Amino acid sequence: MNKKVLILLAGIIVVIGGIFGFAQLNQPKKDETIKPGTLTVGLEGTYAPFSYHDDSGKLVGYEVDMAKAIGKKLNMKVTFVQTKWDSLIAGLGSNRYDAVINNIGIRPDREKNYRMSEPYLYSKSVLIKRSGETDLNSLADIKGKTMAQSLTSNYGQVAQQKGANIKAVAGIVEAMNLITTNRADGSLNDQGAFAAWKKANPDADLTTVDISKDIQSVPTGVLMNKKNAALQKDMNKAISELKKDGTLTKLSKKYFGMDLSHD
């Protein structure tokens with residue numbers, strides 16, 4: 001084999017090696033996810049407009065679309081596992097999924113036990129009540145009132161701190177049912193979530209009080225296992241890119257009617 005042929009072959013090997021190396025750099029690390037090449041996401045699937053089923057039964061919502069956008073940035077397939085809120089975080093610990101994307105507030109206690117991404121959404125808080133209810137006009141008024149709340153949520157904790165009597169619920173649908181049937185006085189929840197529920201239940205005689213001055217915007221992040229530093233790093237990079245390219249703003253306006261991607 002002459003010298004020219006050897007040089008040509010060597011060049012080809014270098015090019016192929018470079019392409020392979022580049023591809024490897026852009027592939028998710030094997031230890032990042034339960035199933036290599038797949039991002040398995042835990043969510044409720046019953047919490048519109050974050051994740052819910054449309055009239056055809058398809059899983060849709062702000063966080064569904066966002067998770068898919070993250071998957072594209074990470075060059076990963078995205079699959080969803082649905083479960084109730086009260087067992088959602090526990091499922092992360094038992095390796096049912098790689099991340100929870102379900103309007104999870106970034107709190108010190110969660111950051112102590114898990115990894116959380118940088119914020120992708122800033123929720124606005126409202127006090128939900130019956131339209132004819134005259135005794136609930138501020139956050140301070142919930143003291144002694146019966147509030148329908150998830151015990152493990154940010155809002156549930158605030159309601160307890162403010163002296164409310166808590167009637168535990170699994171989610172916003174059950175909470176709204178308790179209020180409309182006079183089994184609870186009200187509920188603290190997310191403005192976007194209530195707006196979506198109200199749109200689906202236009203005849204419900206419920207209204208809201210803006211308490212965003214009392215409860216500051218709660219940044220929402222992706223929850224991951226403490227051991228998974230690699231995935232956290234990649235997740236932050238993907239979310240940062242989705243902010244910069246306008247994807248998060250577009251999705252927020254689509255599902256909430258406003259941009260909640262910034263504080």
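Strands β5 and β13 run antiparallel and are joined by four bridges. Two strands count as paired if DSSP finds at least two bridges between them. Helices (H or I, at least four residues) and strands (E, at least two) are DSSP runs, numbered from the N terminus.

This is a predicted model: local features need pLDDT of at least 70, side-chain atom pairs count only at pLDDT 80 or more, and totals for chains, interfaces and linings use all residues. Residues are numbered from 1 along each chain as its sequence is written, and side-chain values use heavy atoms, with hydrogens and water left out.

**Strands**

- β1 and β5 pair in the parallel sense, over two bridges.
- Seven of the seven residues of β5 are buried, so the strand is largely enclosed by the rest of the structure. Buried means under 20% relative accessible area, exposed means over 50%, and partly exposed lies in between (1.4 Å probe, protein chains only).
- Strand β11 (residues 186–190) is mostly covered, with five of its five residues buried.
- β11 runs antiparallel to strand β8 (residues 125–130), and five bridges join the two.
- Asp190 in β11 stands opposite Ser125.
- In a regular strand the side chains alternate between the two faces of the sheet.

**Helix α8**

- Helix α8 covers residues 229–244, which makes 16 residues. At 1.5 Å a residue it should span 22 Å, and its end C-alpha atoms are 23 Å apart, which agrees. The expected span is 1.5 Å times one less than the number of residues.
- The buried residues of α8 are Leu231, Gln232, Asp234, Met235, Ala238, Ile239 and Leu242. Seen down the helix axis, they fall within an arc of 165 degrees, so they line one face of α8. The arc is that of the directions from the helix axis to the C-beta atoms.
- The face turned away from that buried side carries the exposed residues Lys233, Lys237 and Lys244.
- The cover over the buried residues of α8 includes strands β1 (38–43), β5 (99–105), β6 (114–116) and β13 (218–225). It also includes helices α2 (62–74) and α9 (247–256).
- Gly246 follows α8 and has a positive phi, near 85 degrees.

**Helix α9**

- Ser252 lies in helix α9.
- Ser252 is buried, with a relative accessible area of 0%.
- Apart from neighbours within four places in sequence, Ser252 is in contact with Tyr62, Gly257, Met258, Asp259, Leu260 and Ser261. Contact means heavy atoms within 4.5 Å.

**Backbone exceptions in loops**

- Most residues other than glycine have a negative phi, and most peptide bonds are trans.
- The peptide bond from Ala48 to Pro49 is cis, with omega near 0 degrees. Pro49 sits in the loop between β1 and β2 (52–53).
- Asn75 is not a glycine, yet its phi is positive, at about 60 degrees. Its place is in the loop between α2 and β4 (77–82). Asn75 is partly exposed, at 42% relative accessible area.
- Asn95 is not a glycine either, and its phi is positive at about 60 degrees. Asn95 is found in the loop between α3 (85–93) and β5. At 40% relative accessibility, Asn95 counts as partly exposed.
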